[in-house]
Amino acid sequence: MGNDGGSIPRRIELVKEKAKNIVLNPDLERAAAWLYCALSKLLLEQPVVSDGLGKLYNQDAIIEYLLDPSIYGDGDKICSHITSLKDTTKLNLTPNPAYNEKVSNLDSATMGSLDRDLKSKFVCPISMKEMNGKHRFVYLDTCGCVFAEQAMKEIPSKECCGKPFESQNVIVINPTKEEQESMRKVMEEKKAKAKAERKAKKAENKKNGVVSD
């Protein structure tokens with residue numbers, strides 16, 4: 001019995017109550033999503049790739065994951081939808097002229113230093129806004145070019161790097177949870193369509209006596 005005559009709360013109830021009081025720092029969450037690889041948790045280093053859900057990864061980390069899915073422990077929870085490099089797009093990123101790697105703290109290589117105000121290594125090539133989460137950014141899955149969303153809207157052309165693109169080719173980087181759900185559906189539809197096209201092409205080649213890979 002407790003002092004007020006009620007029952008003594010069990011430890012699990014206290015733990016649950018304590019968990020409810022935990023408030024995540026939005027600035028730290030933002031830095032983690034925009035400055036660090038979603039898989040390895042190391043600072044983003046070119047070449048950087050993204051997937052249909054707009055997450056950012058170091059390409060080396062993705063290659064390591066594909067060779068050994070258990071290497072990062074929680075890899076399957078983060079990017080189980082990536083089964084080959086074809087499921088990612090290599091990003092064409094614009095270096096931030098204000099970023100000075102020589103004066104950056106060596107401890108910033110990992111997420112252990114998220115309490116520091118780190119500058120992004122990359123910017124929008126049009127507006128020069130930093131790619132740090134304070135502004136929405138998008139990339140084109142046709143060529144990998146990255147822009148601030150507002151700057152992208154002001155581009156009259158529907159062609160980049162000599163490749164035409166449509167609205168479905170514009171991928172939001174680090175979208176909201178609601179956006180990510182709809183993006184997941186689009187991503188799965190694209191993969192299913194690509195698989196069907198490969199199957200149809202293989203059948204056509206077989207019919208015509210063409211040996212395919």
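**Figure 1. Contacts across the whole chain.** Residues 24 or more positions apart make up 53% of the contacts in the protein with a separation of 6 or more, a contact being heavy atoms within 4.5 Å. This is a predicted model, in which local features need pLDDT of at least 70 and side-chain atom pairs count only at pLDDT 80 or more, while totals for chains, interfaces and linings use all residues. Residues are numbered from 1 along each chain as its sequence is written, and side-chain values use heavy atoms, with hydrogens and water left out. The protein has six helices and ten strands; helices (H or I, at least four residues) and strands (E, at least two) are DSSP runs numbered from the N terminus. Of its 213 residues, 33% count as buried. Buried means under 20% relative accessible area, exposed means over 50%, and partly exposed lies in between (1.4 Å probe, protein chains only). The accessible surface comes to about 14,200 Å², and 53% of that belongs to carbon and sulfur atoms; the areas come from the Shrake-Rupley method with a 1.4 Å probe, and for residues only the protein chains shown count as cover.

**Figure 2. The largest nonpolar core.** A nonpolar core is a set of buried Ala, Val, Leu, Ile, Met, Phe, Trp, Tyr and Cys residues joined through side-chain atoms within 4.5 Å. The largest one has 38 residues, and those touching the most other members are Leu39, Tyr57, Cys79, Met131, Phe137, Val146 and Ile173. Strand β6 (residues 137-140) gives the largest share of this core, four residues. In soluble globular proteins, nonpolar side chains tend to be buried together.

**Figure 3. The sheet around β6.** Three strands form an open, antiparallel sheet in the order β7-β6-β10; two strands pair if DSSP finds at least two bridges between them. Strands β7 and β10 are at the edges with a single partner strand each, so one side of each has no neighbour in the sheet. From one strand to the next, the twist averages 35°, where axes are lines fitted to C-alpha atoms, for helices over the stretch in contact, and angles run from 0 to 180 degrees between N-to-C directions. Three bridges join β6 to β7 (residues 146-148), and Phe137 has Ala148 as its bridge partner in β7. The hairpin of these two strands has five residues between them, among them Gly144, which takes a positive phi near 90°. Three bridges also join β6 to β10 (residues 170-172). In β10, Val138 is partnered by Val172, and Leu140 by Val170.

**Figure 4. The two faces of β6.** In a regular strand the side chains alternate between the two faces of the sheet. Phe137 and Tyr139 are on one side of β6, Val138 and Leu140 are on the other, and all are buried. Helix α2 (residues 26-35) has the buried residues Ala31, Ala32, Trp34 and Leu35, and their cover includes β2 and β6.

**Figure 5. The sheet of β1, β2 and β3.** This open sheet has the strand order β2-β1-β3 and antiparallel pairing. Its edge strands, β2 (56-58) and β3 (89-90), each pair on one side only. Two bridges join β1 (residues 48-50) and β3, and Val49 has Lys90 as its bridge partner in β3. Helix α3 (residues 59-67) lies across β1, β2 and β3 and runs at about 80° to β2.

**Figure 6. Asn169, a buried loop residue.** Asn169 is in the loop between β9 (163-164) and β10. Its relative accessible area is 13%, so Asn169 counts as buried. Asn169 and Leu140 are 29 residues apart in sequence but 5.5 Å apart in space, C-alpha to C-alpha. Not counting residues up to four places away in sequence, Asn169 touches Tyr139, Leu140, Asp141, Thr142 and Lys190. A polar atom of the Asn169 side chain lies 2.8 Å from the backbone nitrogen of Glu166.

Figure 7. Asn96 is in the loop between β4 (94-95) and β5 (122-123), and at a relative accessible area of 8% Asn96 is buried. The side chain of Asn96 reaches the backbone oxygen of Ser120 at 2.9 Å. Asn132 lies in the loop between β5 and β6 and is buried, at 10% relative accessibility. Not counting residues up to four places away in sequence, Asn132 touches Arg30, Trp34 and Ser120.

Key: A polar contact is a pair of N or O atoms within 3.5 Å; within protein, one must be able to donate a hydrogen and the other to accept it, and residues adjacent in sequence count only if both atoms are side-chain atoms.
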